[in-house]
Amino acid sequence: MNLTVFGIGYVGLVQAAVLAEVGHQVVCVDIDASKVERLNQGLVPIFEPGLESIVRENHAAGRIKFTTDAAAAVRHGEIQMIAVGTPPGEDGSADLKYVLTVAETIGREMDTAKIVVGKSTVPVGTCEKVKARIAETLKKRGREDLRFDVASNPEFLKEGSAVADCMKPDRIIVGTSSEDTEAVMRELYAPFNRNHEKMIVMDVRSAEFTKYAANCMLATKISFMNEMANLAEQLGADIEEVRKGIGSDPRIGYHFIYPGLGYGGSCFPKDVRALIKTAEGVKFDAKLLRAVEERNNDQKSVLFDKVHRYFKGDLTGKIFALWGLAFKPNTDDMREAPARVLMEALWSAGATVQAYDPEAMQECQAIYGLRDDLMLCGTKEAALRGADALLIATEWKNFRAPSFDALKAALTTPVIFDGRNLYDPKVVARHGIEYHSIGRLAA
């Protein structure tokens, strides 16, 4: 099938590449000429396991193309997929200006029937706005004869495993009331739906809401577990034992019940805030969602508070090794990452940070530039040298089995503040290192 994807950010690029991989002819359009040029040269602007090879191979085969020519892109695709950003406005609501601009572009350039698919995460009712904008633009052209439909098809990608999530989706949500549109969407996703039925078809508004409800549910699980971890510390319980105990209940499960420093990234924080604003718009008090957000904001300061207490409130001149900058492993994304809150608090207290992350070093440099109180180190071992303590903010696999003897020898003070509960407190204690984690009993 011929498919056009508007927006070659995280969602658009991954989805376009995977659709090209199974044989569809995909044209990706973006207003960022430099990004388009880099992609045409085989340079992928984000780190995501498996993505670069898929993009390069399908670009070389001619199944995926990148352009700034919106008119040509609209002509190409029977399906027009909107995957542009919906950044939060000042009040936390989703900004739809890019989505509606694309809708206007489609209405201006289309000359045959189209199916417009909303892939961006958008508030309930957005597809109706997209439909109205296209219809308005067609009317101005005197082309009300051109047929089109607007469907919702939210993404459920996890950064760090987005390619796998696209290739083997848990479910494919399609919001449409049109049998014709449903048939086309089933054809589009047939290669991913061979083993058993994964497509769930519903009305448009329910599909839009499903995306927000899913992310807010996962965010709620994270905030709940973080609250339990903080309470466990006060009660003398070990949250890791509690996690095993409750996770064994199939009604709860083990997913998203790992305590830590809170959620970050481009989805959960933005989507929780956006749904709160949506609720306010219909005079509904989203008490639980507001509590989820408040707990998450507070949780990002937990590790700093532990460090501050340990050093009796005096961090001036102290040097801290920081392992992990990205908000989660297998990505270079630092948007709303707990590491940012931690670093900025340390700097405000007069401390210096020696940081290492396997993928997010360049992103950190882009965000913070050159600073006297930030040293980006080439290895995790280099970050330890001369540091007063080790702080862990991201659970990368290569942090899980360090040489504790070498770690102790490199640190000025043998102490670890672990925001991801990577280690067994008894093992760390045997090596003569003091260990502070989240919601766990000291050895």
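**Note on the aromatic pairs**

1. Y423 is buried in this predicted model, its relative accessible area being 4%. Its ring pairs with that of Y435, and because the centres lie 6.1 Å apart with the planes at 45°, the pair is classed as tilted. The two residues belong to distant parts of the chain, twelve residues apart, with Y423 in the loop between β13 and α18 (425-430) and Y435 in strand β14 (residues 434-436). Y435 likewise counts as buried, at 10% relative accessibility, the cut-off being under 20%.

2. Across the model, the count of aromatic pairs comes to eleven. Among them is the pair of Y310 and F417, whose ring centres are 5.5 Å apart and whose planes stand at 80°, so that this pair is edge-to-face. Here too distant parts of the chain are linked, since Y310 lies in helix α13 (residues 302-310) and F417 in strand β13 (residues 415-418), 107 residues apart.

3. Y310 is partly exposed, because its relative accessible area of 25% falls between the limits of 20% and 50%, whereas F417, at 0% relative accessibility, counts as buried.

4. Y310 and F417 also belong to a cluster, in which ring pairs link them with F311 and F320.

5. Two arginines deserve a mention alongside the ring pairs. The charged end of R171 sits over the ring of F156, at 3.8 Å from the ring's centre, and R371 lies over the face of W347, with a distance of 3.8 Å from the ring centre.

Definitions and conventions. Residues numbered from 1 in each chain as written. Predicted model: local features only at pLDDT ≥ 70, side-chain atom pairs only at ≥ 80, totals over all residues. Heavy atoms only, no water. Phe/Tyr/Trp six-rings, centres within 6.5 Å; stacked < 30°, edge-to-face > 60°. Helix = DSSP H or I, 4+ residues; strand = E, 2+ residues; numbered from the N terminus. Buried < 20%, exposed > 50% of the residue type's maximum accessible area, 1.4 Å probe, protein only. Lys NZ or Arg CZ within 6 Å of the ring centre and 35° of its normal.
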